[in-house]
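Visitor: I am new to reading structures. Could you walk me through one, feature by feature?

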Amino acid sequence: MTVMAAHAGLLTCELCGLLNRGPAAAPAPSSCARCGSALHARKPDSFIRTWALLAAAYALYIPANVLPVLETQSLVEQTTDTILGGAIRLWSQGAWPLSVVIVVASFAVPLAKMFILTWLLVSARLDAPGALQRTRLYRVTDFIGRWSMVDIYVGGLLIGLVQFYPFADVSVGPAAPAFAAVVVLTMLASRAFDPRLLWDAAVPGRRRFDHG
Amino acid sequence: MADAPDNSERRGPPPEQPGPVPQGDVPEAVADARRSRWAPLIWVIPVIALGVAAWLALQGVLNIGTAIEITFNSGEGLEAGRTRIKYRDIDIGIVKAIELTDGPNILVKAEINSKAKHLVVEDTRFWVVRPRITGGQALGLGTILTGSHIAMDPGKSGPSRRSFTGLEQPPAITTDAPGRLFTLRAANLGSVDVGSPVYFRRVRVGKTVSTELDKEGKGVVIQVFVNAPYDRFVTAGTRFWDVSGVAIALDSGGFRVETESLTAIVIGGIAFETPPQTRVTAPAAPDTAFTLFSNRDSAMKEIYTIKDSYILYFTHSVRGLSVGAPVNFLGVEIGEVTSIDLDFNREQGSVRPAVGIVIYPERLSARMRERGPTDEPGRRVEALQRWVDRGLRAQLSTGNLLTGQAYVALNFFPKEPRVKINAGQTPPEIPTVPGGFEELQNTVTNVAKNLEKVPFAEVAADFRKAATELEATLKEMSALSAQIRTDIAPEVRATLGDARATLEKAQILLAEDAPLQGDLQTTLREVRRAAQAVRGLADSLERHPESLLRGRKDDTQ
């Protein structure tokens, strides 16, 4: 039988590492007996925080993809590209490896990440089986999340390099900050999510720790 | 796994120890009720995110442009997806597609930004901006690099419109250009053209907007646009004139070349100025009609509203005089010649030149200018009679000896006989006198006539006679001189020989080695010695005056 610290009424101080016995009238706010830091059995307000950040990410994901992310101006033309539009243009111009990278890193990954987090949150509530797979999924999500910023970096580099007005000028569109916000929000959401919640469901006679 | 033992030591109780956690080693967590719970505050983030997303969406919806259609004759330089529509050089739309129509035109489908939507109304105009050189200006040069764009001139009418016919030429003035439009009437167009500049004191202040024949075909109506703020210099009294090309004038004032600017020479131009005497200073109403004069002089001359006509009858040729030649009064230009005709007097059977002149009394003096309406015929003749009594006469003078251009001069000739002005004649006549050059010509003629009276034949006969006498006299003189040569000359020669002999004798006497000379020198030496002795005596006496009495002593004492 597996025992989780929280279920045994034990709290580890996240700062000094001291193992504390939880207060009798649990769940109640408590602090470390040695260093006085706040003690939490799970990340505090994990569900609420993750849900909120995820909702914000969803809200900004739409303008990030609908609005132009890059405005390129040259002597002869001025083009505005959305993320997908730019990928399609690159594909049609033969730069399909770059196109694939952009689609994957800037479109698919953030979307997948948001869907996975949503699934994790829902499944943690529903006590669905397969906690091990979901934990792996979480690990992957947490790892790849930062790579979504590739697009923003490319945009930033282009803006910095291509400033030969009036011959060529590159500037970001309104989608760029929205997209950056999506990436940051999904990263924060995945940080706010406590994977231990996935396992709480697997423990019989469990207590809910998600709010303390 | 070298550090595995260390880890186990640090962890304290080995992990393989099963069973419940020893409670004694684990301190009780301190209950902490202070921490408030602001967890729901996290929902601010998605609310903000939603707000941002909603705002971006709203912007997107608001920025959806208006689709319009413009037909052009040619699609030169237009490109779907690239050609911009600009207003005041600001992008307000983009060409979305270019299509062929059934007719000879092309159809440009474009989208106007939402912010410029309200500018697309019934009388909005569109045209394609391409590089052009017109009116002395190079326009649209930027489009060489950036490609053509479609320019828009927003209309002022209310209802919006979606289908337009594009202009092939840019409009001369845009609706919102500050300034005013003036209409000029001219006999002919000259070299003024649409786009020709308008100058005020040689400053380019506007341009010609349109040129067209009037309805009767008897003149040209030119519309000029004067930019603000210069339009306020156009008053009701302003004169416009044509400054196209080079005006070369050869008149009694000499040779003059007038040009406005190089641009005006090439493409024509119009200048305006308000004569300083004009009292109307309020800006003219828009669309006021003005006359376009052919040059500055005629434009500025017209300022005299009062014109007195007179007629002059000359008794001699008026060659060199032309219509428009000045009329000077005591050297001041006060009028001009308006007509030159021949007056045939049937009764006397004589023909004489009749020169009509106008005089601008306003030029006479400030005081006269203020005398008010002058055209009371009786008074005018009366005044003229007074002037004529004082000797006023008209005279033809040559202003330019090189070209023979003449002008009419009014001067006072007090010695002229009194003349009575015919009061009934209109216009009144000013009596004339032969003038300057004419008079000189007459004088020369008189001299010639007098010369003709000289009896040259008699004079020649007398002269011949005198010459004969002179010849006789010369002959006598010749005889006289021969006589001198034959009779008197030998005598003279003999006398001269005697004289020379006498002189030789004298020379001998006076020669250095002559006896007389020697004696003389000896005598002179004796005299010098005697003189020395006398000086010695005198010295001695001066030093020892007593020696006269006592006798000379020895020098040793």
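**Confidence comes before detail**

Visitor: Where in chain B is confidence lowest, and where is it highest?

Guide: This is a predicted model, and pLDDT is the predictor's confidence in each residue. In chain B, helix H1 (residues 4-10) has the lowest confidence, with a mean of 41. Strand S5 (residues 106-112) of chain B has the highest, at 89.

Visitor: What about the stretch around that helix?

Guide: Residues 1-19 of chain B have a pLDDT below 50. Beyond near neighbours in sequence, this stretch has one contact in the model.

Visitor: What does chain B average?

Guide: The average pLDDT of chain B is 79, and 84% of the residues score at least 70. For the complex, the predictor gives an ipTM of 0.78 and a pTM of 0.47.

Visitor: How many helices and strands does chain B have?

Guide: Count the elements chain by chain. Chain B has 11 helices and 26 strands. Chain A has seven helices and eight strands.

Visitor: How do I read burial?

Guide: Count neighbours: a residue is buried if 20 or more other C-beta atoms lie within 10 Å of its own. In chain A, 35% of the 212 residues count as buried. In chain B, 20% of the 557 residues do.

Notes
Residues numbered from 1 in each chain as written. Chains lettered and ligands numbered in written order. Predicted model: local features only at pLDDT ≥ 70, side-chain atom pairs only at ≥ 80, totals over all residues. Helix = DSSP H or I, 4+ residues; strand = E, 2+ residues; numbered from the N terminus. Buried ≥ 20, exposed ≤ 12 C-beta atoms within 10 Å, placed from the backbone. pLDDT = per-residue confidence, 0-100. Contact = placed C-beta atoms within 7 Å.
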